[in-house]
Amino acid sequence: MGGNIFNRPVDPKVDKMERFIGKTAILGLGYGCGWERFFDMVRKDARKFKINLGNVWTEPFAKKAVEIYRAANAPISAAWRRLDSAVAGAWIDLTAAPVNFGPVIISYGTITLPNGMKLNYDRPRRQIGEWANGSAKTEYVYTYGREDHIIYGAYMLENIVQALARIIVMNAALRLACRGYKFVLQAHDELVFIVPLAEVDKAKEIVHTEMTRRPSWAPTLPLTAEVGSGPTYGSAK
C-alpha cells in the first residue's frame with residue numbers, strides 16, 4: 001500500500017515513513033475512515049512512533065491516500081455499500097427478509113454469526129439528523145449503555161469482522177485445549193501458553209497449525225500466524 005500511495009517501490013527496511021503511512025492506511029481505512037480523521041491519525045501515530053513525516057504529510061496528500069486505498073480495495077468499499085443497504089432494510093425493518101452477508105445473517109436489530117451467537121442492537125431505529133450545512137440527513141441508531149449510537153455500513157463491517165475474528169481465535173483455543181494446551185492469557189488476536197521447556201518446539205508447531213486452521217464457514221479465508229517463545233510474555237513477542 002505504501003508503494004501504491006507513493007507510486008514507486010517501497011523498501012520497508014529503508015523507506016520507513018512510506019511503509020508507516022501504507023501500514024496505517026491498511027489498519028485504519030478498512031472501516032470507512034475519512035481523510036480528515038486519517039490525516040490526524042497518521043500525525044498522532046507518527047509522533048508516538050517517532051516517524052519523521054517531513055513536509056510530505058499534508059491534507060491533500062491524506063485525501064489522495066484515502067482515494068488510492070479505496071480504489072485498490074474496491075471490494076471493501078462495495079461491502080460498506082451492501083451493509084448500508086442492509087442497515088436501511090433488514091436491520092431496521094421488523095418485516096423485512098433477513099440478508100445474508102458472507103457467513104452472517106442480518107435481521108431486525110441482530111447479526112447472527114456462523115456459530116449461532118448473535119450481535120444484538122437494542123431499539124434499532126431511524127432518526128433525522130443534520131449535516132453541517134443545515135440540510136437534513138437520515139441516521140440509524142441503537143441504544144447501548146443508556147446512550148444512542150449511530151450505525152452505518154462501514155461500522156457494521158467492523159463489528160462483523162471483530163466478531164468473526166474472536167470466533168476464529170477462541171475456536172483455536174478450544175482445539176488446543178483438547179490437545180493439552182490451555183491458554184493462560186488472551187490479548188486481541190494472541191493466545192499465550194505456559195509449557196515445559198522440553199515441549200516448546202512441539203507446542204509451537206501445534207499452536208501454529210491450529211491458529212491457521214480455516215473455519216468450515218470460510219474455507220478459503222487466508223490465515224497466518226507467528227509463534228514466539230521465551231521465559232516471559234514480553235520476550236516471546
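Ile76, Ala79, Trp80, Leu83, Asp84 and Val87 in H5 meet Gly153, Ala154, Met156, Leu157 and Ile160 in H6. Contact means heavy atoms within 4.5 Å. By class, this contact of H5 with H6 holds nine nonpolar, one polar and one charged residues. Here Ala, Val, Leu, Ile, Met, Phe, Trp, Tyr, Cys and Pro count as nonpolar, Asp, Glu, Lys and Arg as charged, and the others, Gly among them, as polar.

The model is predicted: local features need pLDDT of at least 70, side-chain atom pairs count only at pLDDT 80 or more, and totals for chains, interfaces and linings use all residues. Residues are numbered from 1 along each chain as its sequence is written, and side-chain values use heavy atoms, with hydrogens and water left out.

Two packed helices are described by the angle between their axes and the distance between the axes.

| Pair | Angle | Axes |
|---|---|---|
| H5 and H6 | roughly 100° | within 7 Å |
| H4 and H5 | about 90° | 5 Å apart |

H4 is therefore roughly perpendicular to H5 (65 to 115 degrees). Tyr69, Arg70, Ala71 and Ala72 in H4 meet Ala74, Ile76, Ser77 and Trp80 in H5. That contact divides into six nonpolar, one polar and one charged.

Which residues of H5 are buried? They are Ser77, Ala79, Trp80, Leu83, Ala86 and Val87. Buried means under 20% relative accessible area (1.4 Å probe, protein chains only). These buried residues pack against several elements, including helix H4 (59-72), strand S6 (136-144) and helix H6 (153-178).

Technical notes: Buried means under 20% relative accessible area, exposed over 50%, partly exposed in between (1.4 Å probe, protein chains only). Helices (H or I, at least four residues) and strands (E, at least two) are DSSP runs, numbered from the N terminus. Axes are lines fitted to C-alpha atoms, for helices over the stretch in contact, and angles run from 0 to 180 degrees between N-to-C directions. Angles under 35 degrees count as roughly parallel, over 145 as roughly antiparallel, 65 to 115 as roughly perpendicular and the rest as oblique.
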